[in-house]
Amino acid sequence: MMNTTNSNQYQMSRQGGCQSKSCNIRQDKKALMMNIYELGFVLVETGLYLDTHPDDVQAIEYYMDIKEQYRKYIEKYSDYYGPIDKLHMSGDNYWMWVATPMPWEVEEC
């Protein structure tokens, strides 16, 4: 059985020593961006595959599934942190575009 001290050290090591709410937000933001980058990469690669295999039904379904996941992550990021690009701006979040750090700016704890 793990005592309280060991448990706290374990939690700190899993979180990179980060205990503040702002640090957790940065980690969540970073995780969202990582998912967006990865899904964007998969979309490009699958699109290239489909350029040479346009009749592959399984690949088309896979592409559509990844595209939907990508859209959801972009929407979630935009809702929490502001628009990720000009395509995701609206009248009510326009100034967040210029007032917040750009998505690719890494904020370390």
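**Notebook: a salt-bridge network and a nonpolar core**

I began with Glu 75, which at 41% relative accessibility counts as partly exposed. I note at once that the model is predicted, and I keep that in mind for each entry below.

I then looked for the partner of Glu 75 and found that its side chain meets that of Arg 71 in a salt bridge, at 2.7 Å from N to O. Both residues lie in helix H3, 4 residues apart, about one turn of the helix.

Next I followed Arg 71 in the other direction, where its side chain also meets Glu 68 in a salt bridge, this time at 2.5 Å from N to O. Arg 71 and Glu 68 are 3 residues apart in helix H3, again about one turn. I looked up their accessibility as well: Arg 71 is partly exposed at 39%, and Glu 68 is partly exposed at 32%. I wrote down that Glu 68, Arg 71 and Glu 75 are linked in a network, and that the count of salt bridges comes to 2.

I turned to the whole protein, which has 4 helices and 0 strands, and I recorded that 22% of its 109 residues count as buried.

Which residues make up the largest nonpolar core? I listed 7: Leu 32, Met 33, Ile 36, Ile 74, Tyr 77, Tyr 81 and Ile 84. Helix H2 (21-52) and helix H3 (57-81) each supply at least two residues of this core.

Last, I checked Ile 36 and, leaving aside its neighbours within four places in sequence, found it in contact with Tyr 70, Tyr 73, Ile 74, Tyr 77 and Ile 84.

Technical notes: Residues numbered from 1 in each chain as written. Predicted model: local features only at pLDDT ≥ 70, side-chain atom pairs only at ≥ 80, totals over all residues. Heavy atoms only, no water. Buried < 20%, exposed > 50% of the residue type's maximum accessible area, 1.4 Å probe, protein only. Core = buried A, V, L, I, M, F, W, Y, C linked by side-chain atoms within 4.5 Å. Contact = heavy atoms within 4.5 Å. Salt bridge = Lys/Arg side-chain N within 4 Å of Asp/Glu carboxyl O.
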